[in-house]
There are 2 protein chains.
Amino acid sequence: MSKSPAFLANALWQKQPKANAELFALTYGALVGELWRDLETPAAIQDELDRMGHSIGIRCIEEFLAKSDPPSRTGQQTFAETADLLKMAMRMFLGVSVETNMAANENTAGSGEVSSFSVIMQENPLALFVELPEDLQELEYSQMLCGMIRGMLEMLQFDVSCRMAQSQLKGDDVNEIQVDLNQVLKDGAGEDYQEE
Amino acid sequence: MSKSPAFLANALWQKQPKANAELFALTYGALVGELWRDLETPAAIQDELDRMGHSIGIRCIEEFLAKSDPPSRTGQQTFAETADLLKMAMRMFLGVSVETNMAANENTAGSGEVSSFSVIMQENPLALFVELPEDLQELEYSQMLCGMIRGMLEMLQFDVSCRMAQSQLKGDDVNEIQVDLNQVLKDGAGEDYQEE
């Protein structure tokens, strides 16, 4: 009998070498602070965090695929199936359980193909201790997560756009990242993108 | 019978919330990369990493003191005694065991007072996967550690200078941070410094 994805993801997380979550969050905070000193607008800070997250996401998903032998990895997944891989990889690298919601109303009419989902995180490891100052209320502080998801899915051959749809830092109940499929990449496209 | 500092430090580490050590190292790498794009010289990058580490060190030691009730914290420590607190705090926040060497030859003649020690780390959690590019061979990539130690000791009323004396990234066998005492601070000086 095969083990559940959640069980496997938890086992991967347990086996990972660990750092202190507070030091990690403080270091991420130092990174955002540095970008804030350097760049002019919240949008520019987010672009940079997104770019960094993209590189990190590619590294993470490669390691995830190497270590996990994921049960559904027999050939190409559908976009909907990648949501399960993503949940496992996020558990492995962020240490938190995430949920994904398929956006039923976004289904391509008739085909039943999912072209969007959202990732719900009850906890956000990047945002421990964080309170956004008055003049940065607009900033999506955790934009690196969007970049990470974008990088991960790119390596699974899906070009997506990601954005924070809800954020606890802005008073929402949960953190929610909206993931919209732009196009299915041909085999190997991910490798080229890696060089960016 | 009281438990050993190493036992207590390990218990503190076990109780800390955890992050993925690889994601932490990649995030620190993104921070150094950002500084590299922004600043001109290795010295300027190090200054900035040191400053960030100082703020983080103050946060860390405050939490350490709040959570640890360290056995030696009955009144003011000597400089030599702070080395033991530092070892425990670094175990709690970096997850690695460090050793300290008192520099016998640096003792103030006659008084027997230690005014220097070095911190030896066999592992460096900041430097997983890191290889310095040709044009950054001079950079002390892990300078944030020096800043952290400086911040921690400042809160224990010791103004110190810290520098990387050995680094595995530069081919040395271990990572060694040299800690030199500048002056003993008066009570409360640490609080003022915190506002910098």
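This is a predicted model: local features need pLDDT of at least 70, side-chain atom pairs count only at pLDDT 80 or more; totals for chains, interfaces and linings use all residues.
Good morning, colleagues. Side chains of opposite charge can pair when their charged atoms come close. Over all chains, a search of the whole structure finds 14 salt bridges. I shall discuss several of them.

Let me begin with chain A. In helix 3, which spans residues 42-68, E63(A) and K67(A) are joined through their side chains in a salt bridge, with an N to O distance of 2.7 Å. These two residues are four apart in the helix, so about one helical turn separates them. E63(A) counts as buried because its relative accessibility is 17%, under the 20% limit. K67(A), with a relative accessible area of 46%, is partly exposed.

Helix 4 of chain A, residues 79-94, holds another such pair, K87(A) and D84(A). Their side chains meet in a salt bridge at 3.8 Å, N to O. Being three residues apart, they too are separated by about one helical turn. Both partners are partly exposed: K87(A) has a relative accessible area of 23%, and D84(A) has a relative accessibility of 38%.

I turn now to chain B. Here E140(B) forms a salt bridge with K170(B), and their closest N and O atoms are 3.1 Å apart. E140(B) lies in the loop between strand 3 and helix 5, while K170(B) lies in the loop between strand 4 and strand 5, so the pair ties together parts 30 residues apart in sequence. E140(B) is buried, at 14%, whereas K170(B) is partly exposed, at 35%.

Finally, one network comprises E34(A), R37(A), E48(B) and R51(B), joined by salt bridges that share partners. Thank you for your attention.

Key: Residues are numbered from 1 along each chain as its sequence is written. Chains are lettered from A and ligands numbered from 1 in the order in which they are written. Side-chain values use heavy atoms; hydrogens and water are left out. A salt bridge is a side-chain nitrogen of Lys or Arg within 4 Å of a carboxyl oxygen of Asp or Glu. Buried means under 20% relative accessible area, exposed over 50%, partly exposed in between (1.4 Å probe, protein chains only).
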